[in-house]
Amino acid sequence: MASGACDIRETFVLTVAKQEVKRRIFSGSLCCLRASLRYGRVKMFGRVLRKMCWKRSGARRGVCTRQPAPRVRFAPSPTGFLHLGGLRTALYNYLFAKQRGGAFILRLEDTDRTRLVPGAADAIEDMLEWAGIAPDESSRRGGDYGPYVQSERLPLYSQAAASLLQTGHAYYCFCSNQRLDLLKREAQRSGHVPRYDNRCRQLRPEQVQEKLARGVPRAVRFKLDAGAEPFRDAIFGWTRHEVAAVEGDPVILKADGFPTYHLANVVDDHHMRVSHVLRGSEWLISTAKHLQLFRALRWTPPVYAHLPLLLNRDGSKLSKRQGDIFVQRFREQGVLPETLLDIVTHAGSGFDDNRIGRRLDELVREFNISKVATHSALLDLDKLDEFNRVHLQHRIEDEEKCAALRDELRQHVLHTHGSQISDRAVLEPQYIQRVLQLRKGHICSLRELLNHTYAYLWIRPRVTRQQLQEVSAEAENIVAAVIRLMASGSSIESTERLNAELKMITSRLNNTKYSGVMRVLRLALSAQQQGPSVAEMMLSLGGQEVCVRLQKSLEH
């Protein structure tokens with residue numbers, strides 16, 4: 001029986017250790033297991049590693065070729081809407097997970113109840129879906145490790161806090177808000193960084209029990225260890241922060257029962273089996289604190305990779321107060337989602353080259369976390385039009401995506417020019433397709449096709465014979481010749497061919513040069529003096545519509 005019990009125990013330990021190993025492998029390396037060795041799971045690792053490694057044809061003996069799929073998370077606070085900095089963090093998590101066949105999780109950290117913005121939680125996921133980087137697990141989509149909203153996970157935080165209290169790694173703090181404010185003001189007055197003085201850490205057990213019995217409001221604080229062990233960040237390398245030397249013991253559970261970020265993110269990352277944390281570098285200093293929490297709870301931490309900040313082109317910090325950095329605003333302005341993904345990655349690092357025009361599948365394929373630099377990324381929004389023009393051209397050249405563009409443009413035209421449209425043929429798919437194909441590479445968004453310059457595409461202009469004759473005395477001859485050309489049934493499918501025909505017409509005129517012919521036709525077709533080439537105008541409108549407009553100009 002004793003032998004059987006030992007076998008069962010050994011099998012159990014092997015299973016736990018094997019799961020531990022699988023979660024810690026990162027980019028084919030076992031370097032992150034060093035952290036796990038500090039948590040009491042040392043003895044069985046060698047045996048587990050040997051069981052997980054096998055000899056394959058042409059492979060070196062003892063090399064592990066099996067890697068677990070990573071689990072990453074994007075954990076915004078719904079205190080505001082998704083902006084470009086958050087989009088970039090979500091994107092890098094998505095790229096890392098999809099490149100390795102892993103899971104991308106959306107977790108909403110809504111524990112700061114006083115700053116919640118109504119509708120922000122749904123809007124964040126809406127924008128991720130619009131951008132094409134929808135999460136695999138979320139409150140909306142479900143998953144095996146929910147709930148995915150922190151306010152619905154309060155029992156887990158209370159359990160973790162109770163465990164830390166029991167093991168002596170945390171203590172109750174009965175300090176009032178008035179005392180804490182006084183400490184802060186005194187520190188500021190003396191030119192020091194405000195910090196808690198750890199007063200309640202010194203309370204005797206009987207004092208704590210007496211305050212608990214009286215129902216004195218209390219929070220729970222975590223005992224920071226003096227000194228700090230270095231840890232290896234996947235981007236910044238070996239890092240060390242002695243948090244206890246610069247700040248007091250942090251609150252991990254507030255008096256209202258809600259956790260602070262420090263406890264909540266550690267508890268959630270553990271229970272959701274998050275294997276890698278890719279987050280902004282502003283959290284790098286706090287990581288030493290989080291690692292102490294993991295150690296106190298006897299949990300294995302994830303691999304950390306802190307992304308450099310995304311800044312404005314002038315080096316200033318992106319701010320939510322800048323209304324133009326929210327993803328929703330860009331969407332309303334007609335910016336394509338792939339444009340935003342391309343420009344935020346182009347601003348930073350993580351790729352072998354920095355070319356414009358990468359699609360999402362290319363971003364997934366080419367992303368390399370080892371290429372992410374530690375310096376801040378500068379975002380140049382002045383190049384947004386250039387990026388959007390490239391990606392709009394890609395969409396026009398894609399048959400399926402172009403169909404969606406046609407429908408979108410049709411709705412815009414109806415909304416903008418509906419009552420002025422004289423010929424419903426301009427709403428037909430073939431017509432809109434022709435316009436898009438001829439204008440691709442020239443326009444930065446569909447909305448450009450709705451402004452005054454392109455009004456001729458949707459509305460017949462009113463031009464008189466007198467206006468044409470003011471441009472050229474041979475206007476009637478020019479118009480008549482072009483009508484004959486378009487009505488002849490000749491197959492003219494390119495601007496080059498059409499320009500050649502128009503030059504032939506010009507050669508038969510007495511006193512009008514080619515430029516004069518162009519001015520007459522431009523005026524008759526669009527009532528404008530500038531815009532796309534006349535040949536493109538004619539190809540966009542089609543032979544029949546060109547004849548109608550030219551004929552009407554002579555009749556008015």
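**Ground rules.** I number residues from 1 along each chain as its sequence is written, and side-chain values use heavy atoms, with hydrogens and water left out. As the model is predicted, local features need pLDDT of at least 70 and side-chain atom pairs count only at pLDDT 80 or more, while totals for chains, interfaces and linings use all residues.

**Entry 1, the cores.** I began with nonpolar cores (sets of buried Ala, Val, Leu, Ile, Met, Phe, Trp, Tyr and Cys residues joined through side-chain atoms within 4.5 Å). Here buried means under 20% relative accessible area, exposed over 50%, and partly exposed in between, with a 1.4 Å probe and protein chains only. The largest core has 55 residues, and Leu409, Leu436 and Trp458 are among those with the most contacts inside it. Elements giving two or more residues to this core include H14 (384–397), H15 (399–417) and H22 (543–555); helices (H or I, at least four residues) and strands (E, at least two) are DSSP runs numbered from the N terminus. H18 supplies the largest share of the core, eight residues.

I then looked up the contacts (heavy atoms within 4.5 Å) of Leu409. Leaving out residues up to four places away in sequence, Leu409 touches Ile432, Leu436, Leu446, Leu449, Leu450 and Trp458. There is also a second, separate core of 49 residues, with Leu84, Ala90, Leu128 and Val335 among its members.

Which residues of H19 are buried? They are Leu498, Leu502, Ile505 and Thr506. These cover an arc of only 100° around the axis, so they sit on the same side of H19; the arc is that of the directions from the helix axis to the C-beta atoms. The buried residues pack against H18, H20 and H21, whereas the face turned away from them carries exposed Glu496, Lys503 and Ser507.

My last stop was the loop between strand E6 (237–239) and strand E7 (251–253), where Val246 lies. Val246 is exposed, at 51% relative accessible area. Val246 and Pro194 are 52 residues apart in sequence and 9.3 Å apart in space, C-alpha to C-alpha.
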